[in-house]
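Hi there,

I'm passing a structure on to you, and I hope you enjoy looking through it. Have a look below first, and then read my notes on what turned up.

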Amino acid sequence: MSEAITYNREDAGQPPSLSPAYASTVARAPRRPLVRIPQTLTETTGPADWSLLMGGNLADLTSCHAGTPIGQRVIVSGRVLDEAHRPVANTVVEIWQANAAGRYIHHKDQWDAPLDPNFTGAGRVITDAEGRYRYVTVRPGAYPWKNHHNAWRPSHIHLSLLGPAFATRLVTQMYFPDDPLLAIDPIAGAVPEPYRQRMVSRFDLATTEPNWALGYLFDIVLRGPGATPMEG
Amino acid sequence: MSLDNQSPELFGQTPWQTLGPFFHYGLPWKGGADLTGESDLGARPELAPEAHYVLASPPHRGPISGEAITIVGRVFDADGAPVPDALIEIWQANAAGRYNCAADDRSDLPLDPTFTGFGRSATAEDGTFRFLTVLPGPTPGPGNSQQAPHIAVGILGRGLLKRLVTRLYFAGEPLNDLDPILALVDAGRRDTLVAKESTVGPGVWRLDIRLGGDDETVFFDV
């Protein structure tokens with residue numbers, strides 16, 4: 001067998017599973033310690049053929065329907081990297097989000113904000129050889145939720161990545177700069193400072209397109225490569 | 001300028017965040033839980049208007065070798081309540097014990113080109129998930145050890161700030177006794193990782209996932 005690739009364990013910036021300020025974690029977070037296992041071929045391999053999985057690019061969330069969605073048009077772009085700053089090429093970034101009014105196209109979202117018939121809020125992009133991705137969407141609105149009295153989620157975009165291996169799976173949320181709701185959000189707040197700021201995108205004039213859309217930069221860093229040889 | 005995603009001094013792993021409750025039109029595609037056929041299993045398209053369910057549909061599959069099996073189970077929280085908004089992902093080798101991934105370069109073992117080994121299923125209102133797949137073969141473990149046939153399982157969803165990872169093994173498999181990962185688990189808790197063949201019929205393997213409580217599933221730090 002060839003020399004096995006390994007991936008770093010989670011770093012200090014990952015949230016705990018149990019974070020009582022986010023009330024839903026209380027009945028869903030395991031209480032027993034995780035059992036640490038060596039990374040085997042099971043954990044160091046992962047799926048790669050998107051044509052057999054969720055399908056190809058859907059990078060413009062504003063052109064999926066007959067009309068144009070309401071809201072501030074934005075271009076989100078960045079790179080997917082590993083912890084050694086190497087690009088993660090040909091990996092899928094799945095995206096979903098609320099519309100500009102903060103409402104999801106989901107039957108269980110009962111908040112009284114308008115749905116937009118021209119906006120679904122789902123997309124996926126495959127990174128290029130330099131790990132770059134780019135998608136066009138509208139800035140999602142903030143919305144209330146039932147976690148505690150007067151709770152509001154900051155504007156956010158959900159991002160899901162598989163990376164090269166089972167071990168590199170990541171689902172995160174991208175936030176916007178200067179959002180006053182971020183500091184009082186229990187979900188973002190489960191991530192200790194200063195690492196929470198890793199999830200805050202940066203406004204960028206260079207990727208802003210004149211008379212068209214605002215540009216935001218958001219790089220995504222996946223686990224690895226491992227610093228130590230495979231255990232066991 | 002305050003610290004943000006682009007600050008070099010903050011460079012490092014992007015933090016995990018929960019999927020929240022509204023991921024069904026964005027993640028679980030039709031057929032995501034059917035690794036061998038062309039059914040719609042795995043998705044819950046009824047949770048979004050039809051025009052807004054934009055995820056891919058099942059691909060065409062060629063012949064896939066091995067023993068066809070069904071994996072079925074339910075997800076429960078620490079109070080024993082079913083979890084209706086979880087997402088289960090699986091990753092496994094094919095019947096010959098090879099992963100469909102360039103990092104598994106054991107070219108002496110056959111690959112089934114249309115068997116990805118990856119599956120995704122949203123849980124139903126009663127917490128049920130179901131996969132159609134094949135029984136995986138044994139795979140190499142650390143050193144010269146051999147891993148018993150198993151499936152890696154990820155649990156994501158509302159209330160889960162980060163993915164939980166467990167494994168599914170098969171009851172009665174003789175290699176279980178030699179498996180290097182099962183050996184790291186207290187004997188009294190190993191049952192939480194071992195699916196049992198259902199009385200419903202042969203080839204139907206059942207394993208429930210308990211996020212907490214007395215029978216809490218063993219979760220791994222990988």
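**What turned up in chains A and B**

Pro194(A) sits in the loop between strand S9 (170-175) and strand S10 (202-203) of chain A. Strands here are DSSP runs of E with at least two residues, helices are DSSP runs of H or I with at least four, and both are numbered from the N terminus. Please keep in mind that this is a predicted model, in which local features need pLDDT of at least 70 and side-chain atom pairs count only at pLDDT 80 or more, while totals for chains, interfaces and linings use all residues. Residues are numbered from 1 along each chain as its sequence is written, and chains are lettered from A and ligands numbered from 1 in the order in which they are written.

What joins Glu193(A) and Pro194(A)? A cis peptide bond does, with omega about 5°. Another cis bond links Gly224(A) to Pro225(A), with omega about 0°; Pro225(A) belongs to the segment after strand S12 (220-222) of chain A.

Two residues other than glycine have a positive phi: His85(A), near 70°, and Asn211(A), near 55°. Most residues other than glycine have a negative phi, and most peptide bonds are trans. His85(A) lies in the loop between strand S2 (73-82) and strand S3 (92-97) of chain A. Asn211(A) is in the loop between S10 and strand S11 (214-217) of chain A.

Buried or exposed? His85(A) counts as exposed because it has 11 C-beta neighbours inside 10 Å, and Asn211(A) is exposed too, with 4 such neighbours. The cut-offs are 20 or more other C-beta atoms within 10 Å for buried, 12 or fewer for exposed, and partly exposed in between, with C-beta atoms placed from the backbone.

**The two chains in outline**

Chain A has one helix and twelve strands, in the order β-α-β-β-β-β-β-β-β-β-β-β-β along the sequence. Its radius of gyration is 19 Å, close to the 17 Å from the globule rule for 232 residues, so chain A is as compact as a globular protein of that length. That radius is taken over C-alpha atoms, and the rule is 2.2 Å times the number of residues to the power 0.38. The C-alpha trace of chain A spans about 55 × 40 × 35 Å along its principal axes, and 47% of the 232 residues count as buried.

Chain B has zero helices and twelve strands. Its radius of gyration is 18 Å, close to the 17 Å that the globule rule gives for 222 residues, so chain B is as compact as a globular protein of that length. Its C-alpha atoms fill a box of roughly 55 × 40 × 40 Å along the principal axes, and buried residues make up 50% of the 222 residues.

**Inside chain B**

Strand S4 (residues 128-134) of chain B has five of its seven residues buried, so S4(B) is largely enclosed by the rest of the structure. Seven bridges join strand S1 (residues 68-76) of chain B to S4(B), and the two run antiparallel; strands pair if DSSP finds at least two bridges between them. One pair of bridge partners is Gly73(B) and Phe129(B).

**Where the chains meet**

How many residues of chain B are in contact with chain A? There are 74, and they contact 84 residues of chain A, where contact is C-beta atoms, placed from the backbone, within 7 Å. S7(B) gives the most to the side of chain B that touches chain A, with three residues. The residues on that side divide into 42 nonpolar, 21 polar and eleven charged. Nonpolar covers Ala, Val, Leu, Ile, Met, Phe, Trp, Tyr, Cys and Pro; charged covers Asp, Glu, Lys and Arg; the others, Gly among them, are polar.

Strand pairing also crosses between the chains: two bridges join strand S1 (residues 35-36) of chain A to S12(B), running parallel. Val35(A) has Phe220(B) as its bridge partner there.

**The nonpolar core**

The largest nonpolar core has 109 residues, and those with the most contacts inside it are Val93(A), Leu161(A), Leu87(B), Ile155(B) and Leu168(B). Such a core is a set of buried Ala, Val, Leu, Ile, Met, Phe, Trp, Tyr and Cys residues joined through C-beta atoms within 7 Å. Not counting residues up to four places away in sequence, Ile155(B) touches residues including Val75(B), Ala86(B) and Ile209(B).

Best wishes

Notes: Contact = placed C-beta atoms within 7 Å.
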